[in-house]
Amino acid sequence: MSAIHSNKVSISSGAEWLLLGFSLLGRAPLQLGLAGGAFGLLSGLALLAVGENRTGLLLVQVVMTACTALLLGGLVWAAREVAQGRSPGAGDLLQGLRADKAPKLLALLLPQLLAGTVMLLLFLLLVGMEPLQVLSDLVTRMEGGYQPKPEDLQGFPAGRFLLWLLLLVAVALLTAFCTFTAYPQVMFGRT
């Protein structure tokens, strides 16, 4: 049997890493701010273009999820440029589109897709479709000016819904932690 090696990191190392991140931002606030702003602007413009179209919203969310993976790779690249004393350029945000990096960055979406599928199935098991339909109908009526009453939600499984929300937050955090360190590994390593 092979031995499992684990690396232990002190709490001060985590704080040092966080301070280093703020230091990088302090070295090139305009360039990194513009890269982050461009990232946010692209997301905002895509959502504005969709408007009230729910089908279009779903399509835009799928496309923006894929683009987010690629653009995060570019943000990591720009941060490394600053760390190495170079000034990041506008093209750095597109470094994730490089042919050898794009499939790997898109593969980082798999844990999120798996988590989303598990949470959807868990929602159906814990809450079911009928309460979801009740909520959907209520929201539709509220858009028309209806003021909801407590009896509108009579029989809604609030406890199970809140349990599902708590599990959703826990799974989302776990998934984010799993993929957070993967972006630099994909952009600068062979993994």
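These are my notebook entries on a predicted model of a protein.

**Ground rules.** I number residues from 1 along each chain as its sequence is written, and my side-chain values use heavy atoms, with hydrogens and water left out. Because the model is predicted, local features need pLDDT of at least 70 and side-chain atom pairs count only at pLDDT 80 or more, while totals for chains, interfaces and linings use all residues.

**Entry 1: the whole protein.** I looked up the elements. There are eight helices and zero strands. From the N terminus the order reads α-α-α-α-α-α-α-α. Helices (H or I, at least four residues) and strands (E, at least two) are DSSP runs, numbered from the N terminus.

I then checked burial. Of the 191 residues, 25% are buried. Buried means under 20% relative accessible area, exposed over 50%, and partly exposed in between, with a 1.4 Å probe and protein chains only.

**Entry 2: α5 and α7.** How do the axes of α5 and α7 cross? They come within 10 Å and cross at roughly 170°. Axes are lines fitted to C-alpha atoms, for helices over the stretch in contact, and angles run from 0 to 180 degrees between N-to-C directions. The two helices are therefore roughly antiparallel. The cut-offs are under 35 degrees for roughly parallel, over 145 for roughly antiparallel, 65 to 115 for roughly perpendicular, and oblique for the rest.

I listed the residues that meet. In α5 they include M119, L122 and F123, and in α7 they include F161, W164 and L168. By class, this contact has 12 nonpolar, three polar and one charged residues. Ala, Val, Leu, Ile, Met, Phe, Trp, Tyr, Cys and Pro count as nonpolar, Asp, Glu, Lys and Arg as charged, and the others, Gly among them, as polar.

**Entry 3: D152.** I found D152 in the loop between α6 (129-143) and α7 (158-180). Is D152 buried or exposed? D152 counts as buried because its relative accessibility is 18%. Its side chain makes a polar contact of 2.8 Å with that of Y146. A polar contact is a pair of N or O atoms within 3.5 Å; within protein, one must be able to donate a hydrogen and the other to accept it, and residues adjacent in sequence count only if both atoms are side-chain atoms. Leaving out residues up to four places away in sequence, D152 touches V134, L138, R141 and Y146.

Entry 4: A182 lies in helix α8. At 12% relative accessibility, A182 is buried. A182 and L105 are 77 residues apart in sequence, yet 8.6 Å apart in space, C-alpha to C-alpha.

L97 sits in the loop between α3 (54-83) and α4 (102-107). Its C-alpha is 8.1 Å from that of L71, 26 residues away along the chain.

P29 belongs to helix α2. At 47% relative accessibility, P29 is partly exposed.

Key. Contact = heavy atoms within 4.5 Å.
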